[in-house]
Amino acid sequence: MARTPMALLSAADQERLRGLRVMKGIALGALVLLTIVFIVAFALQARYPWLAYVRAAAEGGMVGALADWFAVTALFRRPLGLPIPHTAIIPTRKDEIGRTLGEFVETNFLSGDIIRTKLAATRISARLGEWLRNPDHAERVATEGAAMAAGVLEALSDDDVQDVIADLAREHLIVPEWGPPLGGWLERLVQSGAHHEAVDLAADSVASWLTANREAFSGLLSRRLPGWVPSMVHNLIDEAAYHEAVKFIGAVRSDPAHPARDAIDGYLARLAENLQHDPATIGRFEDAKTTVFDSPRVRELAAEAWTTAKNGLVSALRDPESGLRRRAATALAEIGDRLVTDATLQQRVDGWVTDAAVFLVDRYRHDIASIITDTVERWDADETTEKIELMVGRDLQYIRLNGTIVGSLAGLLIFTIAHAVFGV
């Protein structure tokens, strides 16, 4: 299997690779040493019988070393390149391992009870509040949040936003029928007499206007008179019209039962009735509403309002000294302080976070675990093998070394027992 060049490995992986090579050298060295010892002892045991014990120990160590070398190697590749069954387990069963690992995580870690227990002991809100109450941290959050918000606003297409606003306006404002609901609201308003204050305000406004604009009556009626009528008569008629208007408004203001008020009440009551039940009135009202919303000028005003609001908001978000940024940082620090000092708020926030986490885990646990399965399936078999070997290969080489030692002791023990029992 081709190795990834050292230059492409991270510093941690390079260190693991060096450790793996060292341990492989030690394990191989132990095997070579025992092989030499075995050859020497086998050749001289006839002359020196005690070397039979050394030979047995070396023989057992060689067997243990070779067996464990085969077992360790079979995990990652085919020993000596031979197509031996049940070897190269990791590369050939990579996808199955990924699925098994995903199922293990889903079953043993992505459990609502486990998540709830862990979060209940974490005191999330208190820790967050302690961190957030620091003005520097609050400023940092405000800065990052402002940058994200400004980026989102700048990334939005004005035309797309305007189309969305237009669609929402049509769906929620233009398409729904306004007449009957508005008529019902107007009927309740008239029945409760709540509109009387509006009538009073209108009468007061008219009276104030008449007081400040007496000259507006000059020629209001007299200009319609024949030219032969004397100018004095013109003035008298205009003055009379002005005084009658002032008198009429004064009477409306002072008399709650004035006929004009009754007329307004009657008109509003009829309008409320017609808006609810008269198809012609409802149709005219809906046509007028559609005409207003579909007016090009209204669309232009909506576009200008969006552009102005967007530019102003982006400018405020980008400016570290803007009132919006200052208030956001202050508000975040105050929230952090409350999270530290308010036990009730802590319990409420911890409960929200825990419930949300448990809901997400219970609902999407399989999807979350599938990330492991899908990721492992996308890995290259050789790269996966190399990564895993870098992570655990050094420890596996200890197995080879231990097998050499245990094999030597076992060989020596077996030979000693056999020699003692059978005298051979």
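At 49% relative accessibility, Phe109 is partly exposed, a class that lies between buried (under 20% relative accessible area) and exposed (over 50%), computed with a 1.4 Å probe on protein chains only. Phe104 is likewise partly exposed, at 44%. The model is a predicted one, in which local features need pLDDT of at least 70, side-chain atom pairs count only at pLDDT 80 or more, and totals for chains, interfaces and linings use all residues. Residues are numbered from 1 along each chain as its sequence is written, and side-chain values use heavy atoms, with hydrogens and water left out.

## Aromatic pairs

Rings of Phe, Tyr and Trp (its six-membered ring) are paired if their centres lie within 6.5 Å; planes under 30 degrees apart count as stacked, over 60 as edge-to-face and the rest as tilted. By this rule there are three aromatic pairs. One of them joins Tyr53 to Phe415 in an edge-to-face arrangement, with 5.1 Å from centre to centre and 90° between the planes. Tyr53 belongs to helix H2 (residues 51–76) and Phe415 to helix H17 (residues 381–422), so this pair ties together parts that are 362 residues apart in sequence. Helices here are DSSP runs of H or I with at least four residues, numbered from the N terminus. Tyr53 is partly exposed, at 30% relative accessibility, whereas Phe415 is buried, with a relative accessible area of 18%. The rings of Phe104 and Phe109 have their centres 5.9 Å apart and their planes at 70°, so this pair is edge-to-face.

## Salt bridges

A salt bridge is counted where a side-chain nitrogen of Lys or Arg lies within 4 Å of a carboxyl oxygen of Asp or Glu. The model has 10 salt bridges by this rule. The following table lists some of them.

| Glu15 | Arg18 | 2.9 Å |

Glu15 and Arg18 are three residues apart in helix H1 (residues 11–44), a separation of about one helical turn. Glu15 is partly exposed, with 49% relative accessibility, and Arg18 is partly exposed at 39%.

Which parts of the chain does the pair of Glu139 and Arg326 link? Glu139 is in helix H7 (residues 135–155) and Arg326 in helix H15 (residues 323–341), distant parts of the chain that are 187 residues apart. Glu139 has a relative accessible area of 22% and is partly exposed; Arg326, at 33%, is partly exposed. Salt bridges that share partners also join Glu130, Arg133 and Asp337 into one network.

## The contact of H1 with H2

Helices H1 and H2 have axes that come within 8 Å and cross at roughly 145°. Such axes are lines fitted to C-alpha atoms, for helices over the stretch in contact, and the angles run from 0 to 180 degrees between N-to-C directions. The crossing of H1 and H2 is left-handed, a term used when the near helix is turned anticlockwise from the far one by less than a right angle.

Contact means heavy atoms within 4.5 Å. On the H1 side, the residues that meet H2 include Leu31, Leu34, Val37, Phe38 and Phe42. On the H2 side, the residues that meet H1 include Leu51, Val54, Arg55, Ala58, Glu59 and Met62. By class, this contact has 13 nonpolar, two polar and two charged residues. Here Ala, Val, Leu, Ile, Met, Phe, Trp, Tyr, Cys and Pro count as nonpolar, Asp, Glu, Lys and Arg as charged, and the others, Gly among them, as polar.

## Individual residues

Most residues other than glycine have a negative phi. Arg123, although not a glycine, has a positive phi of about 55°. Arg123 is found in the loop between helix H5 (112–120) and helix H6 (124–132) and is partly exposed, at 49% relative accessibility.

Gly19 is found in helix H1 and is buried, at 16% relative accessibility. How many residues separate Gly19 from Ile282 in sequence, and how far apart are they in space? The two are 263 residues apart in sequence and 85 Å apart in space, C-alpha to C-alpha. Ala147, in helix H7, is partly exposed, with a relative accessible area of 37%. Ala147 and Val314 are separated by 167 residues in sequence and by 9.2 Å in space, C-alpha to C-alpha.

Note on methods:
Helix = DSSP H or I, 4+ residues; strand = E, 2+ residues; numbered from the N terminus.
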